[in-house]
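Subject: Structure handover

Hello,

Please find the structure below. My notes on what was found in it follow.

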Amino acid sequence: MKFTSIFKMASAATIATAMVGGAAYADAMHPVTGEKLAADQTFTYRLLDGIPTLDPQLNEDVSGSDILRDLFEGLTNQDADGNTIPGVAESWEASEGNTVYTFNLRDNAKWSNGDPVTAHDFVYAWRRAADPATASPYSWYIDLMSIKNGSEVLAGDVAPDQLGVEAVDDHTFKVTLSQPLPYFVAMTTHATVFPTHQATIEAHGDQWTRPENMVSNGAYKLTEWVLKERTTRERNEMYWNNDATILDKVVTLVINDENVALTRWRAGELDRTEVPSGQYPRLKEELPDEAHSFPRLCNYYYTFNLSDSGPEAFKDVRVRKALSYAVDRDVIVENVLQGGQFPAYTFTPGATAGFDVPNVDFANMTQAERDAKAKELLAEAGYGADNPLKFDMLYNTSEGHKKIATAIAAMWKQKLGVEAVLANMEWKTFLETRGNQDFQLARGAWCGDYNEASTFLDLVTTPSGYNDGKYSNAEVDKIMADAKTSSDTSAGYTRVEQILADEMPVIPVYHYTGVMMLKKNLKGWPFGNVEQNWYSRNLYKVAE
Amino acid sequence: MLVSKEKMAGVVDAVSNNKEIEGRSLWQDAIGRFQRNKAAVVSVFVLAFMVIWSFIGPALSPWSYEEIDWNVIGNAAAAGFPSLETGHFFGTDDLGRDIYARTLQGTQISLLVGLVGTAVAVIIGVLFGATAGYVGGRVDNYMMRFVDFLMSIPYMFILIILFVMFGRSLWLLFAGLGAFAWMDMARIVRGQTLSIKNKEYIEASVAAGVGGFTIIMRHVLPNLLGIVAVYTTLLIPGLIMTESFISFLGLGVQEPLTSWGALISDGAKTIQYGTPWQLLFPLGFFIVGLFCFYFIGDGLRDALDPKDR
Amino acid sequence: MFSFIVKRALSAVPTLLFLIIFSFVLMRLAPGGPFTSEKPLPPQVLANIEAKYGLDQPWLVQIWNYVSGIVTQFDFGPSFRYKDQTVNSILSQGFSVTLVYGFWSFVVAVGVGMPLGIIAAIKHNSWLDYLAVGISIGAQVLPNFVMAPLLVILFTLVLGWLPGGGWNGGQWQYIIMPVIALSTSYMASISRIARSSMLEVLHSNFIRTAKAKGLPMSSIIMKHAIKPALLPVVSYLGPAFVGMITGSVIIDVYFSTGGMGQYFVDAATNRDYSLLMGATIIFGSLTILFNMLADIVYAWLDPKIRLA
């Protein structure tokens with residue numbers, strides 16, 4: 001009896017494996033490229049830290065967005081090059097001078113519990129994002145999208161149902177803007193404006209994002225979430241385009257230390273991890289197919305404190321220029337960072353869409369010329385051996401920032417005899433100190449909120465809340481204000497960069513790249529998407 | 001009963017008659033015993049050598065602790081290995097800074113942090129613990145609840161606030177480290193004191209009318225020295241390593257200055273990238289230091305153990 | 001004994017209350033808040049968030065609400081950083097991890113350290129003593145932030161025996177490396193303290209007397225020496241046990257265990273007031289509890305010590 005049942009079980013198991021194996025074999029070709037697919041379609045990647053939230057409307061985190069793009073689907077998506085393509089919306093049209101947008105939603109989109117995805121879900125989610133009761137840290141995104149009544153709802157002046165969004169019928173979603181916004185549709189790829197399932201949120205409250213509660217409409221559904229350890233998402237059978245999805249399962253593992261993460265990547269536990277600073281060239285040489293570097297929309301700079309609390313020396317443009325010229329950006333990029341980063345002579349990264357890198361003069365000099373010019377400028381300003389320049393250089397604690405600051409300070413000391421005293425601070429203390437203009441020279445970095453130069457250049461305008469150096473130039477302010485509504489902006493942006501090069505309120509140091517290790521059997525990574533908005537359903541694993 | 005009475009009488013005699021003279025000869029005895037402990041004596045010399053080297057050693061190197069070797073920066077694995085030719089005796093770090101000069105500079109900082117921080121912790125801990133244990137009762141209870149409280153507060157915030165209030169300084173680092181390392185010591189000392197104070201010779205001293213403070217200093221503390229010496233040698237490496245963690249808050253040692261903890265932690269991060277010297281040289285210094293402290297602690301313990309007389 | 005426990009439990013209340021108030025003030029005095037970020041929030045958005053979490057109310061009201069939430073519902077509030085989670089859920093999950101690896105670390109540290117120290121003392125200046133001392137110093141020379149990555153390289157990359165991190169509900173493969181990395185330095189401390197106090201006891205008069213009476217060494221040690229020798233070890237073990245079961249930030253970071261240890265640092269750097277407060281209260285309660293247990297063990301080890 002016992003023997004038979006064991007035998008039965010064993011043979012049942014064999015049959016089951018054979019069937020699964022058979023099924024996998026039947027689909028073993030990539031439908032487009034014809035590559036042979038691996039049997040195990042699980043993608044595992046490293047996260048730096050636990051995900052703060054998986055509520056689309058509350059999320060403000062980049063790695064959170066990566067997961068949310070898999071779990072939910074908004075009106076539009078991005079393709080591998082960052083172009084906006086249809087998502088839940090099949091098509092859209094603008095009317096009334098680009099202030100009204102009407103989205104036609106596909107009728108086969110479903111939630112993971114089988115409910116249809118309708119325009120009402122979008123109305124609910126967008127109102128929820130703006131509602132003061134939700135208290136989303138990203139609620140300003142609704143305001144940024146220029147949706148009618150957005151800022152009033154945010155301020156609690158009018159009720160959320162007055163927001164300029166409307167479900168004309170189940171499959172028609174209409175948005176009214178307060179002013180025309182050229183890149184409005186592109187902004188709907190963002191997680192803040194993903195639809196959410198009202199009945200689920202009302203039933204479970206804050207707990208609705210638990211795997212057992214969550215109802216989502218993306219290509220994957222959440223099956224596991226252990227805060228500081230892992231998340232798992234698996235194929236959502238209800239997704240309208242489920243047949244095109246190849247990866248079955250995506251796992252994230254939280255690994256704080258990037259060196260340990262690399263070890264575990266080497267041990268085969270991960271498919272993707274970030275490359276620790278300085279290790280890219282070696283890894284590229286050793287594993288040319290698996291080490292990748294690609295441009296990102298972020299800059300890295302040091303800002304002078306130009307406010308009244310800043311040092312007198314920095315009020316002199318010659319001092320600012322001298323310090324900026326003496327930074328050998330090639331050394332920073334090639335010897336310190338070594339991840340294919342781009343030396344920065346402009347504030348805006350060259351990879352930004354529609355931005356022509358202007359020809360600022362100091363970019364064209366050799367470093368020797370820049371150094372000579374720097375010495376000359378500093379001497380003119382009255383600083384030298386008898387009157388040495390000395391200031392504090394503030395950065396937040398991090399291995400990478402420390403290396404860059406150390407190298408820059410050494411360059412200044414050696415070339416100009418300037419003494420920059422390094423001062424590191426813990427993150428929040430740093431932010432508070434910098435935000436209160438309680439510094440002399442401070443590190444800064446900015447990643448674009450969207451792929452357009454104004455996301456960077458707005459930082460150097462007088463009213464910007466992010467302008468910690470308190471730089472102020474009337475012409476810059478005017479150009480940037482005009483750019484909001486103008487269709488041809490590139491001349492204006494070039495002019496702003498020219499002014500920045502002349503007045504040097506910040507020292508641009510480099511423009512980011514993403515540097516990562518990716519197992520070579522994982523295909524479909526959108527390296528051409530500078531915002532790095534990737535979707536697991538476009539990835540696949542080939543058989544080795 | 002009779003025996004113990006006799007003993008007590010004897011101790012009372014000893015206590016009341018020979019205090020001064022015996023006190024001095026005790027120390028001389030201790031020094032003598034310490035000198036006979038070869039490992040301890042060698043350790044003292046090694047430590048002294050390390051300190052001297054850390055001051056004069058940098059003069060032997062063409063590189064200072066903060067100078068960047070622009071030929072090596074970013075290529076430490078291939079060009080920054082230890083070599084007499086390049087003058088980088090211990091190799092360089094990833095930025096091309098000389099590990100030899102940096103280790104020696106870090107030695108100064110770390111020994112200072114270890115010794116001063118530990119001294120602060122030991123003095124507070126021993127006095128606090130001995131007082132609580134000896135006085136006992138309600139005072140002991142309050143004092144020990146205070147220790148419970150201090151053990152539990154989120155001390156990172158204390159350090160952040162100290163930093164914001166007083167700015168960056170090495171003395172603040174000592175205070176911050178020492179002030180939060182003494183609680184375990186206090187508990188251990190108190191426990192021992194509780195047991196010591198019931199011993200016959202203390203009871204005898206009390207009977208002879210010796211004051212509380214005198215008893216603590218003269219009879220309780222000497223009996224605590226063994227455990228204090230051992231715990232101190234455990235504390236020193238702990239504090240030396242904690243320093244590197246605290247500098248993350250911005251307190252204390254600031255680049256380009258460095259310390260053993262900072263060097264070891266940097267070296268450990270790059271251990272898989274072909275630059276083992278970044279870890280091994282500072283770690284070597286740390287280990288040698290650790291052994292020295294251990295043997296000195298052990299020697300002190302043996303030398304000061306009153307029962308060995 | 002019973003009245004001692006009751007007294008101690010009662011005295012824990014003001015201690016904890018004082019701890020809560022002090023920590024609360026401390027956190028608010030520190031620069032930055034939970035919602036300070038690289039991209040500062042517009043004032044209106046910040047006001048909405050602060051209203052949601054009650055941060056716009058006076059400090060006294062906040063403390064009152066907080067404490068009454070704990071007392072009436074055992075609710076430590078929402079986390080400010082992990083917005084979908086409550087402090088209760090985060091800490092219960094984190095503590096369930098550190099309790100496991102912390103407990104095993106304690107078992108290893110005591111189970112190895114104590115015999116090592118005692119044997120070393122008994123065989124003072126023999127090769128066994130040197131070996132024990134060598135082991136205990138050897139266990140201390142590698143700080144755990146050096147040992148942790150080395151263990152991963154050895155066991156995961158080179159040998160391929162163990163997963164390089166994670167927890168997976170606490171399967172044994174995931175526990176081994178955290179236990180090794182956490183227990184070694186405690187083990188070293190325990191063995192050194194045990195050795196030194198054992199030596200001291202063995203040199204004391206009453207042991208000499210016992211020897212002189214011709215009692216066999218083993219019975220002298222078991223009957224007379226062990227108990228007093230354990231006193232300082234016990235003082236050390238109270239806080240050490242609490243330290244182990246609440247985890248270590250280094251262990252949690254290097255082995256990605258998802259344990260509670262990292263929250264002490266993580267919550268502090270994020271200014272996640274409620275999460276840090278929760279962690280602090282748990283740590284404080286455990287400290288009070290185990291220091292009390294240590295005091296009880298004292299009285300048992302040395303009957304002359306009275307519990308008060």
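**A sheet in chain A**

Chain A holds an open sheet of 4 strands in the order 4-5-7-6, with antiparallel pairing. Strands (E, at least two residues) and helices (H or I, at least four) are DSSP runs numbered from the N terminus, and two strands pair if DSSP finds at least two bridges between them. Strand 4 and strand 6 (165-169) of chain A are at the edges with a single partner strand each, so one side of each has no neighbour in the sheet. From one strand to the next the twist averages 20°.

This is a predicted model: local features need pLDDT of at least 70 and side-chain atom pairs count only at pLDDT 80 or more, while totals for chains, interfaces and linings use all residues. Residues are numbered from 1 along each chain as its sequence is written, and chains are lettered from A and ligands numbered from 1 in the order in which they are written.

Strand 4 (residues 89-95) and strand 5 (residues 100-105) of chain A run antiparallel and are joined by 6 bridges. Glu93(A) stands opposite Thr102(A) in strand 5. The two strands form a hairpin with 4 residues between them, and Glu96(A) in the turn has a positive phi of about 50°.

Axes are lines fitted to C-alpha atoms, for helices over the stretch in contact, and angles run from 0 to 180 degrees between N-to-C directions.

**Chains B and C**

How many residues of chain C are in contact with chain B? There are 51, and they meet 44 residues of chain B. Helix 1 of chain C gives the most to this side, with 9 residues. The residues of this side divide into 32 nonpolar, 15 polar and 4 charged; Ala, Val, Leu, Ile, Met, Phe, Trp, Tyr, Cys and Pro count as nonpolar, Asp, Glu, Lys and Arg as charged, and the others, Gly among them, as polar.

In chain B, residues 279-297 are 100% helix and 0% strand, with end C-alpha atoms 26 Å apart.

Regards

Notes: Contact = placed C-beta atoms within 7 Å.
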